[in-house]
Amino acid sequence: MINKKNIKLLLISVPLVLFVFSCKPMHQGKHLFILSGQSNMVRLDTDASFRPLIEAEFGTDHTIVVKDAMGSQSISRWYKYWKAPNGSIPESRGDQYDRLMLKVNDAIKNQNIASITFIWMQGERDARMAFGAVYEKSLLGLYNQIGDDLKRTDVNFIIGRLSDFDMKNEKWPHWTMIRDIQMKVGASHPRFGWVNTDDLNDGFNALGKSIQNDLHMSVEGYKTLGKRFAEKAIQIINDN
């Protein structure tokens, strides 16, 4: 039989249980963000706009950010099975990837990883060298390479699309081809996405020089790029 004393204890315990569950962390484990690419990734300061948004969403103690990039490099420096359109193999293949993964593996040692998001800002060199014919295969190959090495099938993938620097392909012959491939791949899977950079290469660069449709982005452009990467990453993680 339930007496008045038992009813009172029950009424007290129910809110207490609800309080305990409400204090449970929303995100178990840590969210890993891997950023790589060439010069526009080199110049991106993750602390300026990317990291603050990521940490606000998932918590400082639940995020790991690793960035490693090098300017003027083809995707061949990351994708270990890259071949030129004519079938030739470069001397340096995959060495930048190895350097990146050394940092990644050190950062995640003994950590419980809740999600992995790979963010890629590259393609200028391949557009300049007319390597567009093998870029899609290389891009997907690089993504699969990361998943295989980290033993995950749920890696998120975000691509920074090439800007409007050379829309007539007058300077670099495969500029729009690489752009199209990046959009195609970015839209091909629920865990993939791409961000626009066409409006980020006007304004003033770090030297105070006025730029328009430049190969590189403005000071404010890099801040916006970091924000867009973060927003897209948050969206994909939460959607999945």
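I found serine 39 in helix α2, residues 39-42. Helices here are DSSP runs of H or I with at least four residues, strands are runs of E with at least two, and both are numbered from the N terminus. Leaving out residues up to four places away in sequence, I listed Met70, Gly71, Ser72 and His216 as touching serine 39, where contact means heavy atoms within 4.5 Å.

I noted the terms of the model: it is predicted, local features need pLDDT of at least 70, side-chain atom pairs count only at pLDDT 80 or more, and totals for chains, interfaces and linings use all residues. Residues are numbered from 1 along each chain as its sequence is written, and side-chain values use heavy atoms, with hydrogens and water left out.

Next I checked confidence, given as pLDDT, the predictor's confidence in each residue from 0 to 100. The protein averages 91, and 89% of the residues score at least 70. Over residues 5-26 pLDDT stays under 50, and for this stretch the model has 2 contacts beyond four places in sequence.

I then turned to leucine 100, which lies in helix α4, residues 95-107. Leucine 100 is buried, with a relative accessible area of 0%. Not counting residues up to four places away in sequence, leucine 100 touches Ile34, Leu35, Ser36 and Asp68. From leucine 100 to valine 66 I read 8.3 Å, C-alpha to C-alpha, with the two 34 residues apart in sequence.

For the whole protein I counted 8 helices and 7 strands. Of the 240 residues, 47% are buried. Among contacts between residues at least 6 apart in sequence, 73% join residues at least 24 apart.

Last, I looked at the largest pocket. A pocket is an open set of points on a 1 Å grid over the protein atoms alone, where a 1.4 Å probe fits, with protein on both sides within 12 Å along at least five of seven lines; lining residues have an atom within 4 Å of a point. The largest pocket is lined by 13 residues, and Arg43, Ala206, Ser218, Val219 and Tyr222 lie nearest its centre. Its volume is about 190 Å³, taken as the space filled by probe spheres set on the points, which are joined across faces, edges and corners.

Technical notes. Buried means under 20% relative accessible area, exposed over 50%, partly exposed in between (1.4 Å probe, protein chains only).
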